[in-house]
Amino acid sequence: TVMLLKTQDANYINLKLQAEKNKVSKLKEVLHGTKGEKVDTHTVFVESDTEDVDLENLEKLPDAPDIDPATKKALGRAKKVQYNVLQARIKRLQTLERASHKLQVYKNIASAKRQVFKEVDEDTGNVSYRWRKQRAK
């Protein structure tokens, strides 16, 4: 039953990992438009291909109304909050990836038919596992 619980834990973490990846990608797509620099472009529609349009003397078309400074400040704060949410989600995603990797290693160790050797790097303290080489049958 212990192995069953660990595989259920691994499946649950993988499920949450995929959900978090989707949320991060959607949030990045939303913020992509707000992060880049504004490119001044304007599309002019004409009736036919032969119609000449003098782009330099084109009258300035009415754009969106000017935004007051208080609204700009509020939008800047909202953008900052969204980036903080994105950063927190990325951190949570990295934690889930580490947990998933750890559970996968435990699963591999538990299913090993032979002895698994644990090696600890003295400089960094990282743990690695080594299996004896097996011939393919």
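1. Ser100 touches Ile13, Asn14 and Leu17, not counting residues up to four places away in sequence (contact means heavy atoms within 4.5 Å). Ser100 lies in helix α2 and counts as buried because its relative accessibility is 16% (buried means under 20% relative accessible area, exposed over 50%, partly exposed in between, with a 1.4 Å probe and protein chains only).

2. This is a predicted model, in which local features need pLDDT of at least 70, side-chain atom pairs count only at pLDDT 80 or more, and totals for chains, interfaces and linings use all residues. Residues are numbered from 1 along each chain as its sequence is written, and side-chain values use heavy atoms, with hydrogens and water left out.

3. The protein has 2 helices and 2 strands, in the order α-α-β-β from the N terminus on (helices, H or I of at least four residues, and strands, E of at least two, are DSSP runs numbered from the N terminus). Of the 137 residues in the protein, 9% are buried. Among contacts with a separation of 6 or more, 55% are between residues 24 or more positions apart.

4. Helix α2 covers residues 69-110, which is 42 residues. From its first C-alpha to its last, α2 reaches 61 Å, close to the expected 62 Å at 1.5 Å a residue (the expected span is 1.5 Å times one less than the number of residues). The buried residues of α2 are Leu86, Leu93, Leu96, Ser100, Leu103 and Val105.

5. Glu20 lies in helix α1, residues 2-35. Is Glu20 buried or exposed? Glu20 is buried, because its relative accessible area is 6%. Apart from neighbours within four places in sequence, Glu20 is in contact with Arg89, Arg92, Leu93 and Leu96. The side chains of Glu20 and Arg89 are joined by a polar contact of 3.0 Å (a pair of N or O atoms within 3.5 Å; within protein, one must be able to donate a hydrogen and the other to accept it, and residues adjacent in sequence count only if both atoms are side-chain atoms).

6. Asn126 is in the loop between β1 (116-120) and β2 (127-131). With a relative accessible area of 51%, Asn126 is exposed. Its side chain makes a polar contact of 3.3 Å with the side chain of Thr124. Leaving aside neighbours within four places in sequence, Asn126 is in contact with Glu119, Val120 and Asp121.

7. The second largest pocket is lined by Ala112, Lys113, Arg114, Trp131, Arg132, Gln134, Arg135 and Lys137 (on a 1 Å grid over the protein atoms alone, a pocket is an open set of points where a 1.4 Å probe fits, with protein on both sides within 12 Å along at least five of seven lines; lining residues have an atom within 4 Å of a point). About 180 Å³ of space lies in this second largest pocket (grid points are joined across faces, edges and corners, and the volume is the space filled by probe spheres set on the points).
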